[in-house]
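Colleague: I have the sequence and would like to talk through the fold. Could you show me the model?

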Amino acid sequence: MSAATTGARLAHPGAGNHDQGYFDELVTAATATLTGDEVLLANISGERTDFIRLNNSDVRQAGSVDQRSLTIDLVDGQRHTGGSIRLSGERSIDDARLVVLLAQLREQRAFVADDPFLLYNTEPTSSERIERGSIPDPDTALATIRSAGRDRDLVGIYASGDTFKGFGNSLGQRNWFQSSTFNLDWCFYLRADKAAKNLYAGFEWDDAAFAAKVDWSARQVKALERDPISLSPGEYRTYLAPRAMEELLLLWSHYGAFGLRAHETKQTPLLKMLVEGTTLSPLVNISEDTAHGVAPNFQSAGFMRPDEVPLIVEGAYAQTLVSPRSAQEYGVATNGAIGYEYPQSLSIAPGTIPTESVGEALGSGLFVGNLWYTNFSDQAACRTTGMTRFATFWMDDGEIVAPVNVLRFDDTAYHLLGDRLEGLTDTAEVLLDTSTYEQRSTDSARLPGALVGAMRFVL
């Protein structure tokens, strides 16, 4: 088994070996019960998470989540059925649940047709990757966070710990991925709809980096006390902070900007790049950066993911993400993409604008920290609309002049990241998805801020 292990320590030392071994035992036991030409595909997903919710800088809720689930796909020829169970950690209980699930899947499989696009890895490639983060224990983190919120109304949630995923099949393949991360999603609240939003997330907690974020949020919330100004519709010089960039890129990604199926069916929002040869700015390099993400380096059908898939290179279309089903349908090789074919570890390469002096680079214009309610006004043209959110400021000579009342923008990717893009910041911020539906998300992004010469606002 190949191994790639990095970093300082896991939040829960030794936890990975136990869960990894337990998963292997379950798959081995299930494999022994297969009949005929059946093939078993198994995926485990789990977490050990500590979380703290805060309001007015006080703890309102604290606890931990320790869970894992097992998903099975039972294949016979081109027919297959799938299901999942929650794992208790007790072999007698979990073995019994698995026996029942396999029996149900066999019964169901008798009623399903052949799947012409079924594709799974038949050449076992085992791997192990454990990303060891350096994160504070909950008490230490809480003390630091509450200190930052002293005399302020700090509202947010802190989550930290391990997430892990594994793949195994009856052909002998075993894959394991585990990472230790923290994610603090917070704001300094002033009143009504006035708040300074921020995020600090990653693998390595750094007091100086957190202090810098706190200082910037404190400057913002102080500026929010000033009377806001209203801007008329028009085009304004604009700086889009990494969180604002994330909102745009996720919308485009989730609607097929980088997926093979969307490209083949001409539903991608980057259609102009595909059929007209339109390009973005040569400053833009976008990739699926699995090597530096939180998502596993293997796919649920057992295919390995390359460390990086270049999607946009110097503004031009390069590659798409190809799931196994799309690979089978369109006769190309898969690169281990998930079924939805959107990036799980999205990355835009940094530029040359010093992050510490984006205000000076902006000069007079809008500083946009967050966007929301984003949607397409013309998907085929990648024209996007949405609203500014939280603290949006008018700046002059690098200093905040006044907060700006909510604005609606309507502009295309070919302007925002194309002919009107003046530059990207020289650092990219780690942005971990804060979603916790069913379990902590393992999606992430590394994005710089963008300086746009003229962004179009319509309301």
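Modeller: This is a predicted model, and the questions below cover a helix pair, a cavity and a pocket.

Colleague: Are α3 and α4 roughly parallel or roughly antiparallel?

Modeller: Take α3 as residues 138-148 and α4 as residues 207-223. Their axes come within 11 Å and cross at roughly 30°. Angles under 35 degrees count as roughly parallel. Therefore α3 and α4 are roughly parallel.

Colleague: Is the crossing of α3 and α4 left-handed or right-handed?

Modeller: The angle alone leaves the hand open. For α3 and α4, the crossing is right-handed.

Colleague: Which residues of α4 make the contact with α3?

Modeller: Look at both sides. Helix α3 brings Thr 144, Ile 145 and Ala 148. The contact residues of the two helices divide into 4 nonpolar, 1 polar and 1 charged. On the α4 side they are Asp 207, Phe 210 and Val 214.

Colleague: How much space lies in the largest cavity?

Modeller: The structure holds 3 cavities of 30 Å³ or more. In the largest cavity, the space is about 60 Å³.

Colleague: Which strand gives the largest share of the lining of that cavity?

Modeller: Three strands each supply at least two lining residues: β13 (345-348), β19 (429-432) and β20 (444-447). The lining includes Ser 345 and Leu 346, Val 430 and Leu 432, and Ser 444, Ala 445 and Arg 446. The largest share is 3 residues, and it comes from β20.

Colleague: How many residues of the lining of the largest cavity are charged?

Modeller: Asp 289 and Arg 446 are among the lining residues, as are Phe 203, His 292, Gly 293 and Val 294. The lining divides into 6 nonpolar and 4 polar residues, and the number of charged ones is 2.

Colleague: Which element gives the most to the lining of the second largest pocket?

Modeller: That pocket holds about 1,000 Å³ of space. Of its 39 lining residues, the closest to the centre are Lys 213, Trp 216, Thr 355, Glu 356 and Glu 429. Elements that each supply at least two lining residues include β8 (194-202), α5 (242-254), α9 (358-362) and β14 (365-378). The most, 7 residues, comes from α4.

Colleague: How many of the residues lining the second largest pocket are nonpolar?

Modeller: Lys 213, Glu 356 and Glu 429 are among the residues closest to its centre. Lys and Glu count as charged. Over the lining there are 11 charged and 12 polar residues, and the nonpolar count is 16.

Key. Residues are numbered from 1 along each chain as its sequence is written. This is a predicted model: local features need pLDDT of at least 70, side-chain atom pairs count only at pLDDT 80 or more; totals for chains, interfaces and linings use all residues. Side-chain values use heavy atoms; hydrogens and water are left out. Axes are lines fitted to C-alpha atoms, for helices over the stretch in contact, and angles run from 0 to 180 degrees between N-to-C directions. Helices (H or I, at least four residues) and strands (E, at least two) are DSSP runs, numbered from the N terminus. Angles under 35 degrees count as roughly parallel, over 145 as roughly antiparallel, 65 to 115 as roughly perpendicular and the rest as oblique. A crossing is left-handed if the near helix is turned anticlockwise from the far one by less than a right angle, and right-handed if clockwise. Contact means heavy atoms within 4.5 Å. On a 1 Å grid over the protein atoms alone, a cavity is a set of points where a 1.4 Å probe fits but cannot get out, and a pocket is an open set with protein on both sides within 12 Å along at least five of seven lines; lining residues have an atom within 4 Å of a point. Grid points are joined across faces, edges and corners, and a volume is the space filled by probe spheres set on the points.
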